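The stops below go from the whole chain to single residues.

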Amino acid sequence: MMPKKILIYMALMLAVPLAGEMKFYPLEGSLRISLGTPVFFFFLLWSRRINPVFSGLLAGIAVVVFRILYGIYIAGMPAIVNFELHFPVFFYYLSFAAMFHYFHVKSYYGSPFLLGLLGVVIEIFASIAELAARSLFIHVPFTLNTLLTISGIAIIRSFFVLGFFNIFVIREARAAEHEQRLRIEQMLMLISNLYVEMIQLKKMMKNSEELTSECYVLYRNLKGEGHNEHAQAALKIAGEMHETKKDSQRIYAGLSKLMAKEDLSDFLSMKEILNVVITSNERYSQLLGKKVHIQLIVPESPKRFHTFMILSIVNNLVSNAVEAIKEDGEIRLEAALEGDHLKILVKDTGTGIAARNRPHIFEPGFTTKFDQDGIASNGIGLSYVKNVIESLDGSFSIEDKQGQYNTVFAVSLPTECLMERG
């Protein structure tokens, strides 16, 4: 495949001569004003791959050759006359490119007005270079009126190109911003999942420590009663639980360092956090081939909440709601401060939860979801959420059906551990 830089040079050599034929003559004589300059200026601004001076050399040659061939085969003019008439334009493009390179114009992208002024200055000097060549070789007069005319045209053309170029810059910036926002949302979701795992790991470490202690007590009791064989078995279990605890501690320490290094904001507004959840789960519903509308009801507030705590809870509930909806439906997210607690409701129009299953939905391993092969899911999602909420001294419950919403989960969390201090 041909390198992109070569393709840009070829496009430049084709576009500039063709644009140059869109022209008019503001003065008597051979001075012509065309779109070749704006197109050439735009190429130099737009592409960071091409060398300005080499581009000017190529553009100058291409324009001269094109105009000579046009004059010979279309206008029927003699070759020597065509050459004398058109070769001074080579000095225009070469001078324009050389000054563009000399002034480091691309370093002024952040100052549009200064960039436009440089474009005007460069075009005036390039025009003077061309007129000087015409005056020297074909004796075209170079007057003050000519200079004023080309200066006015230079101002119009340069700021026209700059405006057009800024449209492209804005579009690229918006596209980059959109990509960055998607990456940040993905990172937030990944980190929130890690946060959940850390909470579960911390709980497992505590359970391992308690089981180790209980097994050791059992070992001592069995040994005191003379059951040496069973005592050794209890001691072995205690040792293995102790090793499990140490392995968990090492993993927890690694995750803690990873979280500490993350430079994403730990605190966002409730609306920003829940919008991340909505974006993620809208994509998830599309992946599942479902049409799910997610509605958000949250009051505007400057208060900021712990991003990963909220994400780890709400995202799990919303993804469950997406899975519970068969083909199309609605999910409603509500969040509001009630005293010193944050109240979050997650409602969906899915199939709902049978009354006989409600007492068991928070039990680890309980599930009513099966894949297309009839294999049950692991059934730990809601138990995860419950553990996270309880670790924050909050409450988690399933409410009665509300209108069209067959399933309603209510989360209440103390704001003391959620809100940014300062």
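How many helices and strands does the secondary structure of the protein come to? The protein has eleven helices and nine strands, where helices (H or I, at least four residues) and strands (E, at least two) are DSSP runs numbered from the N terminus. This is a predicted model, in which local features need pLDDT of at least 70 and side-chain atom pairs count only at pLDDT 80 or more, while totals for chains, interfaces and linings use all residues. Residues are numbered from 1 along each chain as its sequence is written, and side-chain values use heavy atoms, with hydrogens and water left out.

**Whole chain.** Colour by burial: of the 422 residues, 41% are buried (under 20% relative accessible area; exposed is over 50%, partly exposed in between; 1.4 Å probe, protein chains only). Of the contacts (heavy atoms within 4.5 Å) between residues at least 6 apart in sequence, 71% join residues at least 24 apart.

**Helix α1.** Select residues 4-20, the 17 residues of α1. From first C-alpha to last, α1 reaches 24 Å, close to the 24 Å expected at 1.5 Å a residue (1.5 Å times one less than the number of residues). Now pick Ile-8, Tyr-9, Leu-12, Val-16, Pro-17, Ala-19 and Gly-20, which are buried. They lie on the same side of α1 because they cover an arc of only 165° around the axis, taken from the directions from the helix axis to the C-beta atoms.

**Glu-123.** Go to α6 (residues 112-137), which holds Glu-123. Is Glu-123 buried or exposed? Glu-123 is buried, at a relative accessible area of 2%. Leaving out residues up to four places away in sequence, Glu-123 touches Thr-37, Tyr-92, Phe-96, Ala-154, Arg-157 and Ser-158.

**Largest nonpolar core.** A nonpolar core is a set of buried Ala, Val, Leu, Ile, Met, Phe, Trp, Tyr and Cys residues joined through side-chain atoms within 4.5 Å. The largest has 40 residues, and Ile-310, Ile-313, Leu-317, Ile-331 and Phe-396 touch the most other members. Elements giving two or more residues to this core include α9 (270-287), α10 (307-324) and β6 (328-338). The most comes from α10, with nine residues. Another core, of 31 residues, lies apart from it and has Phe-41, Ala-59, Met-99 and Val-105 among its members.

**Strand β9.** Finish at β9, where eight of eight residues are buried. Thr-407, Phe-409, Val-411 and Leu-413 point one way, and Val-408, Ala-410, Ser-412 and Pro-414 the other. β9 runs antiparallel to β7, with eight bridges, and antiparallel to β8, with five (strands pair if DSSP finds at least two bridges between them). To check the pairing, select Lys-347 with its bridge partner Val-408, then Ser-395 with Ser-412.
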